[in-house]
Amino acid sequence: MVPRKPREKRINEITQAAIEVFLEKGYENTTMDAIAKKAGVSKGGLYHYFPSKDMVLIFANDKISEKVGEIMTSASECTSVKEGILHYMENYIRYWLEHPKETAFLFLSIAKMLEKPELLKYYQQYTADYMAFFEGAFTMGIQQGEFKEHNVRTSAITLVAALDGVLSYMIFDEGLILEEVVQHFEEKFITPIVI
């Protein structure tokens, strides 16, 4: 008898296989059978972990988002709020640029979730958490005397929108250099509020 793999390892294998199948076939053409086959599990085994294709999609996005959470944590450990925000910006952009498969999967997922309100809830929570992180960072910067008083919600929204927007441009335009982009972001979003 073949020993069973630990649950987390099996789920990670299924998730990685699902990402590959979704990217290869698109959401509509991906089946639970195809995911199971790619992951090397039975269809029943797949359903043991995930009740539907939608749940596989959501879980795969959760796994990819764990790296963003790690970047938030490491940014929070920086010696100053300014340095933490700069650390986050650089490492967030770098992560997506260095992981094109995950980036393509994220874009595919966003397109699909816009069509399905029950899936959209996932991204609404992700966005709320993302905004709360930056609002908290800007608030802390004000409280610690690093930043001028300003509307932290506006700063968070515009920075998040710009970060996610520049990602697409950097994928299409290899002339955009990460270090230069981060410097431009600092000049636009951080320098004006630094005391």
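Biologist: What is the N to O distance in the salt bridge where the side chains of Glu66 and Lys63 meet?

Modeller: Happy to start there: this is a predicted model, in which local features need pLDDT of at least 70 and side-chain atom pairs count only at pLDDT 80 or more, while totals for chains, interfaces and linings use all residues. Residues are numbered from 1 along each chain as its sequence is written, and side-chain values use heavy atoms, with hydrogens and water left out. A salt bridge is a side-chain nitrogen of Lys or Arg within 4 Å of a carboxyl oxygen of Asp or Glu. For Glu66 and Lys63, the N to O distance is 3.5 Å.

Biologist: Which helix holds both Glu66 and Lys63?

Modeller: Helices are DSSP runs of H or I with at least four residues, strands are runs of E with at least two, and both are numbered from the N terminus. Glu66 and Lys63 are 3 residues apart, about one turn, and both lie in helix H4.

Biologist: Lys67 and Glu70 meet in a salt bridge too; how are they separated along helix H4?

Modeller: Their side chains come to 3.7 Å, N to O. Lys67 is partly exposed at 33% relative accessible area, and Glu70 is partly exposed at 47% (buried is under 20%, exposed over 50%, partly exposed in between, with a 1.4 Å probe and protein chains only). Because they are 3 residues apart in H4, Lys67 and Glu70 are separated by about one helical turn.

Biologist: Glu13 forms a salt bridge with Arg10; is Arg10 buried or exposed?

Modeller: The closest N and O atoms of this pair are 3.3 Å apart, and both residues lie in helix H1 (residues 7-29). Glu13, at 23% relative accessibility, counts as partly exposed. At 16%, Arg10 counts as buried.

Biologist: How many salt bridges are there by this rule?

Modeller: Besides the pairs above, Glu90, Arg94, Glu98 and Glu179 are linked in a network of salt bridges. By this rule the count comes to 14.

Biologist: Which helix gives the largest share of the lining of the largest pocket?

Modeller: On a 1 Å grid over the protein atoms alone, a cavity is a set of points where a 1.4 Å probe fits but cannot get out, a pocket is an open set with protein on both sides within 12 Å along at least five of seven lines, and lining residues have an atom within 4 Å of a point. The largest pocket has a volume of about 270 Å³; of the 17 residues that line it, the closest to its centre are Ile110, Tyr123, Tyr126, Thr127 and Asp164. Helices H5 (81-98), H6 (100-115), H7 and H8 (152-172) each supply at least two lining residues. The largest share, 6 residues, comes from H7.

Biologist: What is the volume of the largest cavity?

Modeller: By this rule there is 1 cavity of 30 Å³ or more. Its lining includes Asn61, Trp96 and Tyr122. A volume is the space filled by probe spheres set on grid points, which are joined across faces, edges and corners. For the largest cavity, the volume is about 40 Å³.

Biologist: What arc do the buried residues of H8 cover around the axis?

Modeller: The buried residues of H8 include Val152, Leu159, Leu163 and Met170, while Tyr169 and Phe172 are exposed on the other side.
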